[in-house]
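Subject: Structure handover

Hello,

Here is the structure for your files. My notes on what was found follow below it.

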Amino acid sequence: MAADLLVSEIVEAYGAYYLNSGQNLKNIVKMLTQGSVTPSHMTPIKTNNDVYRMASFDIGPIVQPFKKSWTPTDPGEFHPQEIRKRRMKVDLDIWPDDIKSSWLGFLAGEDLSRKDWPLIRFLMENYLIPRIHQDMETMVYYDGVYKAPTGSTAGKPEESMDGLKLLLQKGVDDGSMKLLSIGALDKTTVFDQVETAIDEISEIYQGVEMLVCMAPIYARAYLRDKRAQGFYDIKSAREVNLGIDFSPSSVVPLPSMGTSTDMFITPKSNLIHVTDETMNKETFKVEESKRCVSVMTDWGEGVGFGINEVVWTNKTKTSTGE
């Protein structure tokens, strides 16, 4: 059943009628929304398959001192890894006539086809697309835990797919990811925690550019702590950057991590964002039934790691209660 557009406060304040007083889109102000940031730091993969499958190969030491007898060593082992792409959607029913006899009447149209009224395009471009990106960034990419939909009730954004937080926890619990000894991030010690974490990365990866991912609040604290060191020859705070001294790596603030005290480190090539080949969340289908306009879109998306063994994190193992 379609819900009404909530214009009651507009009607109460400005009256239940439309009077052209020169109002237009400039008179409708909006708060800032959180844009999509996390995928920009990931390696994009486009596929129409529901599951993107990969494999890694690991081989132990093979060099040995010579002797005439045949002494073969372990030939190695393949490890499977997959990222599951989940389907998600937006369903909205809109009654455009709700705004007709109100101050918002300039968004109405004279056409009998309500889907062609300016209101619909205004909502899609200015509010629906930004809201999709905000939902994904603040509730799905990191905190998401997939829950299969049931019944006729709309699911929550965070139930749309598994996010990085859950994947990190699984990797820590099964021992496939490397543990850092720095503990939970702390604003007063984050600079030292980052440098310690870099030192704990395998030496073979020290020359590789790594993403040191954390919540923006700790990235800002890192910058302030870096500024406070006093041995940088700088003219202003603008010259302090998120780079890590004596390392090609840098701190990456991810809004998707909220205020989490987690940190994880991995190369960009190992942090993967899987999407459909063609469909995307900014393309809408608009239908009209009598005087109700339905706006919909659906797409597939998933995040994950290519090789768990190339992920370092300060998360701790799930307590078993023993």
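Aromatic pairs come to five. A pair here means rings of Phe, Tyr and Trp (its six-membered ring) with centres within 6.5 Å; planes under 30 degrees apart count as stacked, over 60 as edge-to-face and the rest as tilted. One of the five is formed by Phe 57 and Phe 78. This pair is tilted, with 4.6 Å centre to centre and 50° between the planes. It links distant parts of the chain. Phe 57 is in strand E2 (residues 51-58), Phe 78 is in strand E3 (residues 77-84), and the two are 21 residues apart. Strands (E, at least two residues) and helices (H or I, at least four) are DSSP runs, numbered from the N terminus.

A word on the source. This is a predicted model: local features need pLDDT of at least 70, side-chain atom pairs count only at pLDDT 80 or more, and totals for chains, interfaces and linings use all residues. Residues are numbered from 1 along each chain as its sequence is written, and side-chain values use heavy atoms, with hydrogens and water left out.

Back to the pair. Phe 57 has 43% relative accessibility, so it counts as partly exposed. Phe 78 counts as exposed because its relative accessibility is 61%. The cut-offs are under 20% relative accessible area for buried, over 50% for exposed and in between for partly exposed (1.4 Å probe, protein chains only).

Ser 56 is also placed in strand E2. Ser 56 counts as buried, because its relative accessibility is 15%. What does Ser 56 touch, not counting residues up to four places away in sequence? The list is Glu 77, Phe 78, His 79 and Ile 307. Contact means heavy atoms within 4.5 Å.

Two charges sit over rings. The charged end of Arg 86 is over the ring of Tyr 146, 3.7 Å from its centre. The charged end of Lys 178 is over the ring of Trp 312, 5.8 Å from its centre. The rule asks for NZ of Lys or CZ of Arg within 6 Å of the ring centre and within 35 degrees of the ring normal.

Next, a helix pair. H4 (residues 190-200) and H5 (residues 216-228) pack at about 95°, and their axes are 8 Å apart. That makes H4 roughly perpendicular to H5. Axes are lines fitted to C-alpha atoms, for helices over the stretch in contact, and angles run from 0 to 180 degrees between N-to-C directions. Under 35 degrees counts as roughly parallel, over 145 as roughly antiparallel, 65 to 115 as roughly perpendicular and the rest as oblique. H4 brings Val 190, Phe 191 and Val 194 to the contact; H5 brings Tyr 218, Ala 221, Tyr 222, Asp 225 and Lys 226. Six of the contact residues are nonpolar, none is polar and two are charged.

Now the loop between H5 and strand E7 (250-253), where Val 240 lies. Val 240 is buried, with a relative accessible area of 15%. Leaving aside neighbours within four places in sequence, Val 240 is in contact with Leu 223, Lys 226, Arg 227 and Ile 234. Phe 246 is placed in the loop between H5 and E7 too. With a relative accessible area of 88%, Phe 246 is exposed.

Please check the backbone at two places. Most residues other than glycine have a negative phi. Phe 246 has a positive phi of about 60° and is not a glycine. Lys 290 is not a glycine either, and has a positive phi of about 55°. Lys 290 lies in the loop between strand E10 (285-289) and strand E11 (292-305). Lys 290 counts as exposed, at 75% relative accessibility.

Best wishes

How values were computed: Nonpolar A, V, L, I, M, F, W, Y, C, P; charged D, E, K, R; others polar.
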